Amino acid sequence: MKFLLAILLAPLFVFSQDYPQETFQSPLGIPLDLSGSFGELRSNHFHSGLDFKTTGKEGLPVYATGDGYVSRIKISTFGYGKAIYITHPNGYTSVYGHLQKANGVIQDYIKKKHYQEKSYEIEMYLYPTELPAKKGDIIAYSGNTGGSGGPHLHFEFRDTKSEQIINPMHFGLKKIIVDERKPIIQGIVAYPIDSTTVNNSQKPINISFSKQADGSYLGVKVKANGKVAFGINAYDFCTNGYNKNGLYKVKAYLNGVLQYQYGFDSFAFDESRYINNFIDYERFHEMGQRVQKLFQMNEYPLSIVSGNKKDGIINVQPNSNYNYRVEVYDFHGNKVELIIPIEFANQEAKIEKTFQKTPYYIKAKTESIFEKNNVSVYVPENAFYSNFYMNFDVNNDVVTLHDDSVPVHKNITLAFNNVAGLTEEQLSKTYIATLDGYKLKYNNTYRKGNNFSIKTKTLGKFKLAQDITPPRIYNVNFIEGKTLTTQKTISVSVTDLHSDIDTYNGYLNGKWILMEYDYKTKKLTHNLEDAIYVEGRNDLKIVVTDNLQNSTTFESYFYK
């Protein structure tokens with residue numbers, strides 16, 4: 001079993017994988033302009049595909065990149081928004097996300113499912129004979145749905161059987177995406193390990209560096225009296241000079257011997273949250289810098305680093321000098337080098353390492369249970385990446401669960417038990433909120449009697465709160481009683497003060513209608529081309545409910 005696991009976790013950059021280069025075409029009919037690269041460092045995840053700009057517009061044709069069939073369709077308010085999956089006969093599946101809408105029979109199929117299930121959010125798995133697709137077919141139109149920050153196409157390749165995500169560049173896109181720029185190193189951080197002092201510091205410290213005439217980087221000499229490791233803050237420009245993309249591959253050598261490496265060829269979805277151990281998370285939390293660590297303190301199952309034979313930590317010995325070299329690559333082979341000279345030196349620690357001891361010591365590989373007053377906290381094994389002293393307290397009904405400078409990998413359970421002094425009506429409107437200053441943020445709360453609990457992957461402050469305020473419906477885009485002759489949609493804005501929108505349903509003349517919800521604009525929209533209306537008067541009813549089941553009903557009418 002251990003041997004099999006080692007094979008599964010071996011990073012793909014250590015061997016050559018042949019991928020079809022001529023089978024697939026571009027999913028867009030315009031020059032490919034990259035705004036997001038594969039493996040790019042994002043919040044709590046590695047980017048799982050390529051993001052292509054769509055000239056700032058929606059509605060560009062999206063083409064099937066190869067022969068196959070539509071195997072999955074998912075319409076979601078968040079994530080990929082409207083997404084189509086095409087399974088190809090050679091063992092791969094292509095994914096197209098943030099779509100505006102599908103095309104032709106695919107769109108007809110989707111619309112039918114919406115009305116059958118009476119839901120905007122749907123997910124379907126299809127048989128090979130239901131919706132076949134040919135290479136070059138227009139399957140959809142580009143959009144800005146889901147968690148998109150602007151109009152673009154998210155594009156992926158996956159291994160069909162394992163669903164392992166594969167860098168789309170491997171499938172011939174390198175030939176049609178232009179990249180002549182070298183990666184850029186923006187910062188270098190040295191990490192003293194254990195009791196080591198590095199350049200008079202026992203805490204991580206920035207290392208000054210300069211760019212040389214040949215384009216390489218040279219760091220100032222690092223002086224250390226023990227174990228030291230490094231991290232880099234770096235990025236790459238690809239097709240334009242505006243979007244900072246992620247790196248493809250990094251290798252670190254000590255006196256010519258490979259110490260550490262990683263490359264973004266492929267990874268699994270359930271690995272993606274390990275990004276918070278891959279980077280210096282505390283630095284990211286405090287400074288917004290995603291420093292990529294060129295070492296690991298403890299082994300963890302992230303395939304892009306798990307094949308390293310060394311941990312990247314350098315043990316600096318007396319009477320020795322070292323040459324540390326980092327090579328940074330993009331997918332097109334553009335490379336930049338960084339040299340850091342290292343020597344042994346005993347130095348006074350002008351910046352000392354400090355930490356606060358508490359009664360609550362977390363051993364990352366062991367489960368823990370903490371209790372105080374009527375509050376309990378359950379921490380499963382491997383919820384954290386390393387051991388630390390947790391700050392846990394309950395004061396004036398506010399729970400302090402450390403702070404969000406420490407990343408959480410697995411759900412922690414926080415519970416308020418035997419809550420007293422509330423009526424049944426009040427209990428039914430109670431939830432556990434995250435306290436952000438004076439703002440309350442809703443958490444999906446489980447209630448059993450007068451016990452409340454949440455599962456969270458974020459540390460911070462929490463308290464019990466109540467939501468008795470129903471959602472608000474406003475900004476109607478038509479005048480009541482008017483005849484809508486040229487208008488193509490009806491829409492309203494919806495917001496909720498406390499617990500967020502849970503369900504939304506629209507009805508015309510008593511019949512359910514599809515209303516699409518865009519959480520970015522807080523808008524519900526119905527397309528009149530669905531032809532649910534009748535000639536003459538049409539009575540509209542919209543019902544919106546929040547997560548504590550407070551409900552608002554809006555009613556109006558128009559003529560058509």
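The model is predicted, so local features need pLDDT of at least 70 and side-chain atom pairs count only at pLDDT 80 or more, while totals for chains, interfaces and linings use all residues. Residues are numbered from 1 along each chain as its sequence is written, and side-chain values use heavy atoms, with hydrogens and water left out.

Visitor: Why is Thr-413 called buried?
Guide: Buried means under 20% relative accessible area (1.4 Å probe, protein chains only), exposed over 50%, and partly exposed in between; Thr-413 has 18% relative accessibility and therefore counts as buried.

Visitor: What makes the pairing of the Thr-413 and Lys-455 side chains a polar contact?
Guide: A polar contact is a pair of N or O atoms within 3.5 Å, where within protein one must be able to donate a hydrogen and the other to accept it, and residues adjacent in sequence count only if both atoms are side-chain atoms; the two side chains meet this at 3.3 Å.

Visitor: How do you know that the span of helix H2 agrees with its number of residues?
Guide: The expected span is 1.5 Å times one less than the number of residues; for the 14 residues of H2 (residues 104-117) that should be 20 Å, and the end C-alpha atoms are 20 Å apart, which agrees.

Visitor: Which residues of H2 are buried, and why are they said to line one face?
Guide: They are Ile-106, Gln-107, Ile-110 and His-114; seen down the axis, they fall within an arc of 95° (taken from the directions from the helix axis to the C-beta atoms), so they line one face of the helix. The face turned away from that buried side carries the exposed residues Val-105, Asp-108 and Lys-112.

Conventions: Helix = DSSP H or I, 4+ residues; strand = E, 2+ residues; numbered from the N terminus.
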